[in-house]
Amino acid sequence: MSIPLKRTRNIGIIAHIDAGKTTTTERILFYTGKSYKIGEVHEGTTVMDWMPQERERGITITAAATTTFWIPTYFKENQDENNRYRINIIDTPGHIDFTAEVERSLRVLDGAVMVFDAVQGVEPQSETVWRQADKYKVPRLCFINKIDRIGANFAESLLSIREKLNKNAIPLAIPIGQESQFSGLIDLLTMQALYFEGKHGEKIVIKEIPDEFKQEAHKYHEELIEKVAELDDELTQDYLEGKKIDINKLKLAIRKGVLEYKFIPVYCGSALKNKGVQLILDGICDYLPNPLETPLVKGIDPKTNQEKIISADPQGPLVALVFKLAADPFFGQLIYIRIYSGTLKSGSYILNSTRDKQERISKVVLMHANHREEVKQLIAGEIGAVIGLKESKTGDTLCDPSFPVVLEQIKFPEPVIDMKIEPETKDDEEKLAFVLRKFQDEDPTFKVKIDKDTGDTLISGMGELHLDIITDRMKREYNVKLKTGRPQVAYKETIVKPVKNIEGKYIRQSGGRGQYGHVIIDIEPLERGKGFEFVNKIKGGIIPDEYIGPIEKGIKEAMEKGILASYELTDLKVTLHDGSYHEVDSSDIAFKIAGSIALIEAAKKAGLILLEPIMKLETVIPAQFFGKVTGDINSRRGRIENMHERYNMKVIDAKVPLAEMFGYATSLRTLTEGRGSFYMEFDHYEPAPNNIAQQIIEGKSVSQTTNKK
Ligand code: GDP
């Protein structure tokens with residue numbers, strides 16, 4: 001059955017770890033009829049998380065896209081096919097170490113549901129993900145979950161959303177009772193009480209609002225109407241004249257407000273106790289954008305570098321983005337894509353414009369929670385998976401060969417933690433090379449390098465959990481036996497001042513065919529986080545074009561190897577402006593070596609320093625431990641930036657070097673008698689203090705203990 005784009009929603013469910021994202025997703029799959037058994041996270045039977053270690057850890061890692069169908073509850077009397085919506089749920093990871101997954105899912109979805117824990121309100125990761133969603137301009141709904149939990153506080157949670165995230169967060173429903181008294185919801189639009197009966201709360205029973213909640217409901221209702229009236233001139237008029245406003249008009253105004261980020265609907269309930277989830281589904285249909293309502297996507301013509309605007313027209317030329325590669329037990333390699341324009345048909349040939357390769361789509365599939373459905377095609381605005389592409393990787397653009405265009409690339413942060421790995425046997429060594437390549441293809445924040453001094457294989461990622469999961473998958477899924485070292489900080493090197501006219505020469509001319517490469521470069525520091533920029537200013541063919549690529553490659557290779565202490569060199573710009581060549585003796589390799597020589601020489605003259613990763617740390621503790629805990633943060637070279645209270649607990653925000661954070665979990669536990677908790681994520685790189693840098697360069701590790709959160 002085909003559902004028009006107007007009734008299609010591509011959404012993601014995002015949250016701080018443990019807020020209830022997985023449970024909410026499970027309930028959504030249950031109510032939309034695609035999952036026949038309600039899985040509990042703590043029993044390890046959920047449908048979305050199908051990798052074994054996800055089940056064990058109870059966290060979600062893969063960004064699988066699941067297709068579901070929903071007829072809003074208010075159409076109960078009219079279950080007509082014309083009222084059916086298609087909701088594609090793009091799964092987002094629950095842990096910040098999987099930044100790449102969060103970013104790329106935000107990129108392809110059109111709307112989001114943010115899940116909060118009613119005891120915790122806004123937590124640090126909710127804030128981070130919220131800002132990421134802002135960056136991609138994703139309209140969203142909020143769901144304050146766990147209203148049934150001891151300590152749940154709807155009003156406080158709402159306040160924390162308004163204070164920390166967006167003041168336009170407005171409830172569309174409020175709870176009837178909280179904690180163990182939580183029994184149902186008041187729908188603030190219809191002003192009715194809703195109760196969720198049946199084994200899984202699937203039966204919605206409508207009643208009158210209980211007397212003791214009438215006053216509160218009216219207060220929230222008034223606030224809602226006033227806020228909606230502000231969004232629409234006609235409604236403002238009606239409101240001022242005291243007229244009763246039609247619900248459909250209210251809904252349309254809310255929808256407009258959501259799309260313009262002026263109104264953020266807030267729902268509440270308990271996913272675990274099966275209360276309130278259907279309202280979120282209605283909200284997704286009513287207020288989140290369809291693919292036609294999202295901002296126009298832009299791409300670049302790879303040949304002319306001109307901008308092309310892409311519109312969600314199924315008749316237009318094909319443009320699609322690969323956002324995820326995943327191993328599938330039935331199909332082998334699955335490639336998840338979002339179609340931005342045109343129609344993608346099974347059996348057709350497409351151009352991978354990022355790699356300039358033609359490929360054939362052998363199958364197109366829709367992923368449901370518990371089965372896969374082969375379809376003939378996907379059209380603009382749809383999300384699905386394809387099989388058959390050999391060369392395509394995450395982030396690549398697929399398009400019509402006659403309409404070459406490359407969509408904007410997602411920029412990922414650099415990994416901050418390294419870990420040595422060693423295959424146990426020769427057989428494992430062979431498998432390892434293949435597996436490492438595969439993981440790098442799937443995950444742009446996972447990198448592999450060889451230590452230039454020791455020859456060791458190092459893997460790098462965004463945090464200990466990230467690397468743990470990857471090594472675990474290598475062992476389980478690919479049966480590679482590995483020894484792993486302890487996680488180490490991934491330092492970087494950079495330069496402090498510009499230098500000009502540095503020569504790199506690689507000339508060997510003694511009999512037979514010689515070697516001749518000669519370059520002159522300038523280098524200068526770039527702003528932190530900018531990476532590497534290469535500018536070619538060679539004029540008049542003093543170095544032929546064909547050697548420019550190899551020169552850049554030589555420079556990059558030297559940067560990757562590092563100079564001070566084998567850490568990657570970063571944040572610098574190289575301008576190639578002079579040099580010479582030899583008709584016979586010049587070669588790619590000679591210019592590559594000349595490039596490396598010049599870079600090393602230049603970097604040494606430009607003053608090398610070591611950069612260390614600084615983490616954003618939030619520590620939550622009972623007040624009596626405040627002195628000890630802040631003292632400990634200070635002793636870890638931490639800078640305390642802010643302190644505040646949250647639900648009788650003290651919250652300390654700080655920036656701390658990652659090198660000092662190994663063992664923090666244990667130390668915090670000891671200092672707070674097990675009552676403190678913390679949350680940490682990468683923030684930025686900055687120069688390491690001289691004495692510390694010196695120790696690292698001399699090969700002394702700053703911290704010897706490892707940390708297990
Ligand atoms: P995620 O990390 O955001 O995916 O969170 P999960 O869905 O895995 O939930 C984390 C924990 O909270 C699990 O033990 C759930 O059973 C529990 N949980 C989820 N929703 C609720 C709820 O509405 N009420 C209560 N009391 N617990 C919940």
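**Close-up views of a predicted model**

**View 1. Helices α10 and α11 pack against each other.** Helix α10 (residues 426-442) and helix α11 (residues 464-478) pack with their axes 11 Å apart and at an angle of about 125°, where axes are lines fitted to C-alpha atoms, for helices over the stretch in contact, and angles run from 0 to 180 degrees between N-to-C directions. That angle makes α10 oblique to α11, because angles under 35 degrees count as roughly parallel, over 145 as roughly antiparallel, 65 to 115 as roughly perpendicular and the rest as oblique. The crossing of α10 and α11 is right-handed, a term used if the near helix is turned clockwise from the far one by less than a right angle, whereas anticlockwise gives left-handed. Helices (H or I, at least four residues) are DSSP runs numbered from the N terminus. This is a predicted model, in which local features need pLDDT of at least 70, side-chain atom pairs count only at pLDDT 80 or more, and totals for chains, interfaces and linings use all residues. Residues are numbered from 1 along each chain as its sequence is written, and side-chain values use heavy atoms, with hydrogens and water left out.

**View 2. Helices α12 and α13 cross at roughly 45°.** The axes of helix α12 (residues 548-561) and helix α13 (residues 588-605) come within 7 Å. Their angle makes α12 oblique to α13, and the crossing of these two helices is right-handed.

**View 3. Helices α14 and α15 cross at roughly 155°.** The axes of helix α14 (residues 626-635) and helix α15 (residues 664-671) come within 10 Å. Their angle makes α14 roughly antiparallel to α15, and α14 passes α15 in a right-handed crossing.

**View 4. D232 caps the N-terminal end of helix α7 (residues 233-240).** A side-chain oxygen of D232 lies 2.9 Å from the backbone nitrogen of E234. Just after α7, G242 takes a positive phi of about 75°.

**View 5. The ligand is surrounded by 18 residues.** The closest of these are D18, K21, T22, T23 and D148, and a residue is near the ligand if one of its heavy atoms lies within 4 Å of it. An oxygen atom of the ligand is 2.7 Å from a polar backbone atom of D18, while a backbone N or O atom of K21 also lies 2.7 Å from an oxygen atom of the ligand. A polar side-chain atom of T23 lies 2.5 Å from an oxygen atom of the ligand. The shell divides into 5 nonpolar, 8 polar and 5 charged residues, and its largest share, 3 residues, comes from helix α1 (residues 21-31).

Terms used
Polar contact = N/O pair within 3.5 Å; in protein donor to acceptor, adjacent residues only side chain to side chain. Nonpolar A, V, L, I, M, F, W, Y, C, P; charged D, E, K, R; others polar.
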